[in-house]
Amino acid sequence: MHLSNESLIVIVIVIVGIVAGWLAGNIVRGGGYGLIGDLIVGVIGAFIGDWLLPQLRIHLGTGMVALIVNATLGAIVLLVILRLISGGAAVDGVLVWAVVERLGVRY
């Protein structure tokens, strides 16, 4: 079996997204948002972390652990902002699932 570079990148993105989303959900909410919800929160959090941490002059290094920490910090920021905007509705994952349904993801 041969995996292309693109396949490996997708696998890493999925793993980092799921782990980061689950960690952020447990830190902010006390539990995850399910597999798809954790993946979406983690991937969006990775983009936020990649933008925010350099702005704060924070460099975590390279490697899988640094990617997960970066994405988790970004996902925490995302969930806190969603909680502030929604007045606490993000605690129940309402906004996360609204995004999942808006994207047309079948679960």
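The largest pocket in this predicted model is lined by Val12, Ile13, Val16, Gly17, Gly42, Val43, Ala46, Phe47, Asp50, Leu67, Asn70 and Ala71. Helices H1, H2 (34-55) and H3 each give two or more residues to that lining, and H2 gives the most, with five. A pocket here is an open set of points on a 1 Å grid over the protein atoms alone, where a 1.4 Å probe fits, with protein on both sides within 12 Å along at least five of seven lines; lining residues have an atom within 4 Å of a point.

**Pocket**
- The space in the largest pocket comes to about 220 Å³, counted as the space filled by probe spheres set on the points.
- Its lining has eight nonpolar, three polar and one charged residues; Ala, Val, Leu, Ile, Met, Phe, Trp, Tyr, Cys and Pro count as nonpolar, Asp, Glu, Lys and Arg as charged, and the others, Gly among them, as polar.

**Fold**
- The protein has four helices and zero strands, in the pattern α-α-α-α along the sequence.
- Helices (H or I, at least four residues) and strands (E, at least two) are DSSP runs, numbered from the N terminus.
- H1 has 24 residues, which at 1.5 Å a residue should span 34 Å, and its end C-alpha atoms are 34 Å apart, in agreement; the expected span is 1.5 Å times one less than the number of residues.
- Just after H1, Gly30 has a positive phi of about 100 degrees.

**Burial and core**
- Of the 107 residues in the protein, 28% are buried, meaning under 20% relative accessible area (1.4 Å probe, protein chains only).
- In H1 the buried residues are Val16, Gly17, Ala20, Gly21, Ala24, Gly25 and Val28.
- The largest nonpolar core holds seven residues: Ala24, Val28, Tyr33, Val41, Ala75, Leu78 and Leu79.
- Helix H1 (5-28) and helix H3 (64-86) each give two or more residues to this core, with H3 giving the most, three.
- Such a core is a set of buried Ala, Val, Leu, Ile, Met, Phe, Trp, Tyr and Cys residues joined through side-chain atoms within 4.5 Å.

**Confidence**
- The mean pLDDT (the predictor's confidence in each residue, from 0 to 100) is 80 for the protein, and 79% of the residues score at least 70.
- Where pLDDT is low, the predicted coordinates should not be read in detail.

**Conventions**
- Residues are numbered from 1 along each chain as its sequence is written, and side-chain values use heavy atoms, with hydrogens and water left out.
- Local features need pLDDT of at least 70 and side-chain atom pairs count only at pLDDT 80 or more, while totals for chains, interfaces and linings use all residues.

How values were computed. Buried < 20%, exposed > 50% of the residue type's maximum accessible area, 1.4 Å probe, protein only.
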